[in-house]
Amino acid sequence: MTIIELIKQPWPWYVAGPIIGLMVPTLLIFGNKTFGISSSLRHVCAACFPAKIPFFQYDWKKEIWNLFFVFGIFLGGIITAMYFKNDAAVVVDSNLIAELSGYGITDFSGLVPGDIFSWASLATPRGFILMVIGGFLVGFGTRYAGGCTSGHAIMGLSNLQLPSLIATISFMAGGFIMANLILPFILSL
Amino acid sequence: MTINKKNTNTDFEVRSLDAICKNQEAVELPMWHNLKYLAFGVAFGIVLIKSEVISWFRIQEMFRLQSFHMFGVIGSAVAVGALSVFLIKKFKIKSIDGEEIILPEKTFNKGQIYGGLLFGFGWAMTGACPGPLFAQLGYGAIATAVTILMAIVGTWVYGLLREKLPA
């Protein structure tokens, strides 16, 4: 097996997790930056439509590293699609396949289900709710919480911050409630 | 190059309104220095995709306790991150620009609970937190542009309503 073939395989958690964890010291040592991604959304607001809102009145250019970082993530996606794409279907837990099949989700070929996240789906009630309302909640919730999975769960917990633990537990609680209690209704729309 | 503008940095207070949004670096470096963050972002994006963290299915499995994968990724990331932070503090490691590394203390507010729950809803719905959204878009899930746009709108509406929300 060549190196490229090895890279193309899905990476196990014990390879990916530590590399993600190394982003914390890398950013600290190479630029005194604390790892965090959702702030980039705030910088976009501050740069493009601050609208005299105090929360967006700051010198976003001083935080521009964060926008370079997220643009890098986007480029990383393009590079992976071009050179490291795994052609095999995504392995999905059989219970989940059974559950989702009941809602007409049968395409398991990609990382994102084409049955829900597509332009055509945007015009359907469930596609609209999941993409539009879901996206809104990601932006609103992360800023209200003061961070996302990277800023709170990884950076904050690494620095043993109690507020980050509270936030991380809340993220997980919200996710469990949505996935198990609310999502079934949305998917059946 | 101007060094140590810390005392004249009046933006600091505004930015620290938000616990996660702080730039500790006091040296001002030319713009091309930001290319290193672009490179780190590329590496991060590749890891997010190859570990399938950006997969809507992996997120559903996590919230249904059907797979250990996501817990393993986040858990081992925190373990490595925590060990790194411990070593940086213990040996007082400086940044490559010779600055003391500052790790901000976060203060508790109710937003971490209310906002955290709302983000958790959004995470389970979109199958993505902010980082993976950008990776999904690059990986070819073009419709994710709508989700990113709405996340920006959500951030903006939070800014608008900030003073009226319980904190």
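Predicted model: local features only at pLDDT ≥ 70, side-chain atom pairs only at ≥ 80, totals over all residues.
**Entry 1: chain B by itself**

I began with the secondary structure of chain B and found seven helices and zero strands. Reading along the sequence, I wrote the pattern down as α-α-α-α-α-α-α. I then looked up burial, and 50% of the 167 residues of chain B count as buried. For contacts in chain B between residues at least 6 apart in sequence, I noted that 51% join residues at least 24 apart.

**Entry 2: where chain A touches chain B**

How many residues of each chain are in contact with the other? I found 116 residues of chain A in contact with 113 residues of chain B. Next I listed the elements of chain A that give two or more residues to this side: α2 (13–31), α3 (39–48), α4 (64–83), α5 (94–101), α6 (119–122), α7 (125–145), α8 (149–158) and α9 (162–187). The largest share comes from α2(A), with 18 residues. I also sorted the side of chain A that touches chain B by class, which gave 74 nonpolar, 35 polar and seven charged residues.

**Entry 3: one helix pair across the chains**

Two packed helices are described by the angle between their axes and the distance between the axes. For this pair I noted an angle of about 150 degrees and axes 7 Å apart. Are α7(A) and α5(B) roughly parallel or roughly antiparallel to each other? An angle over 145 degrees counts as roughly antiparallel, so α7(A) and α5(B) are roughly antiparallel to each other. I recorded the crossing of α7(A) past α5(B) as left-handed.

I then went through the residues that make the contact. From α7(A) they include A:L130, A:M131, A:G134, A:G135 and A:F140. From α5(B) they include B:G111, B:Y114, B:G115, B:G116 and B:W123. By class, the contact of α7(A) with α5(B) has 13 nonpolar, ten polar and one charged residues.

**Entry 4: the two domains of chain A**

I turned to the domains of chain A, which is divided into domain 1 (1–85) and domain 2 (116–189). Their C-alpha centres lie 18 Å apart. The contact takes ten residues from domain 1 of chain A and ten residues from domain 2 of chain A. On the domain 1 side, the elements that give two or more residues are α2 and α3 of chain A. I noted that α2(A) gives the most to that side, with three residues. By class, the domain 1 side has five nonpolar, four polar and one charged residues.

Last, I checked backbone angles. Most residues other than glycine have a negative phi. A:N32 lies in the loop between α2 and α3 of chain A, while A:L160 is found in the loop between α8 and α9 of chain A.

Which of the two counts as buried and which as exposed? I looked up their C-beta neighbours inside 10 Å. A:N32 has 21 of these neighbours, and the cut-off for buried is 20 or more, so A:N32 counts as buried. A:L160 has 12, and the cut-off for exposed is 12 or fewer, so A:L160 counts as exposed.

Notes. Residues numbered from 1 in each chain as written. Chains lettered and ligands numbered in written order. Contact = placed C-beta atoms within 7 Å. Helix = DSSP H or I, 4+ residues; strand = E, 2+ residues; numbered from the N terminus. Nonpolar A, V, L, I, M, F, W, Y, C, P; charged D, E, K, R; others polar. Domains from an automatic or database assignment. Axes fitted to C-alpha atoms, helices over the stretch in contact; angles between N-to-C directions. Parallel < 35°, antiparallel > 145°, perpendicular 65-115°, else oblique. Left-handed = near helix turned anticlockwise from the far one by under 90°.
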